[in-house]
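Subject: Structure for you to look at

Hello,

Here is the structure we talked about. My notes on it follow below.

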Amino acid sequence: MNCSICNGDGIYYDDHVSQGSHGQLKCCLCKVDCFCGGRYPYRYWDDDHNNRWCPCWSLRQRLRRVNQLFDDTGLDESYRWKFFDDLSPNFPDGQPRPGAEGAIRIAEKYLITPRIPERGLFLYGNNKEGKALLGAIIFNTLMLRFQKPGRFIETTAWLDALRDSFDPDNQWSKKTCEIFDPPCEWPIAMIGNLAMKKETDWAKETLYQLIDNRYANLRFTIVTTNLPLEAVSKLCRGRIFLLLREMCQFVEMNKIYY
Ligand SMILES: [Zn+2]
Ligand SMILES: [Zn+2]
């Protein structure tokens, strides 16, 4: 039977806000003893007056790494600490929230998945907040559960950075491969704002290459878009749509109110 606090992962998110605007990640001591009280440098005196490393030491190191993963996601601050409990089935006045059950059912699957899924998620429809929230909750949940890097890729900004990298006069720009390659490799990624109406063929093709790379490597990818499905189906002469159909579950967010 798994621990009801950390689900056996050793680290959990405590949503109690003691300072700042969000809760914090914490170690769960269901599997290790702690004699140091959680105080750095995590050492204690044993009964024979030897100063020893506390058994919690490696878990505290892991917590530090997971905190760093969350710092590095690139997710907007307002979505960075969203987890399953933020999918409230009701509005603040107690009225039921239309579509909440569907969103909760989708998110629940990711709380119990035994590994990072290969099949991604494509969230579309005109509910911008809802897509970002549901996507972020699943993204954060998987990062916390599997303690692997996840990144948010804002399509327009990413393409702009790639364009800058081609400019020989721009000495501040990273190399093209430094911008293109890592997003193909991140174990968990969320591609936000797939809104390519005014983009060039080059941009669409580049985005296709990114998604195709992630698909070929079975990397879990969440994609959100405000475009109607019909517009998505025409991107890159239909190739992006076909790819997304293969690699993602499609979820329409029009009737889900968050
Ligand atoms: Zn636990
Ligand atoms: Zn300890």
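Leaving out residues up to four places away in sequence, Phe220 touches Ile116, Pro117, Glu118, Gly120, Leu142, Pro187 and Ile188; two residues are in contact if their C-beta atoms, placed from the backbone, lie within 7 Å. This is a predicted model, in which local features need pLDDT of at least 70 and side-chain atom pairs count only at pLDDT 80 or more, while totals for chains, interfaces and linings use all residues. Residues are numbered from 1 along each chain as its sequence is written, and chains are lettered from A and ligands numbered from 1 in the order in which they are written.

Phe220 is part of strand β8 (residues 220-225); helices (H or I, at least four residues) and strands (E, at least two) are DSSP runs, numbered from the N terminus. Phe220 counts as buried because it has 27 C-beta neighbours inside 10 Å. The cut-offs are 20 or more other C-beta atoms within 10 Å for buried, 12 or fewer for exposed, and partly exposed in between. Trp186 is 34 residues from Phe220 in sequence, and their C-alpha atoms are 8.7 Å apart.

The largest nonpolar core has 51 residues, and Leu123 and Phe139 have the most contacts inside it. Such a core is a set of buried Ala, Val, Leu, Ile, Met, Phe, Trp, Tyr and Cys residues joined through C-beta atoms within 7 Å. Helix α4 (residues 128-146) gives the most to this core, with 10 residues.

In total, the protein has 9 helices and 9 strands, and 28% of its 258 residues count as buried.

Regards
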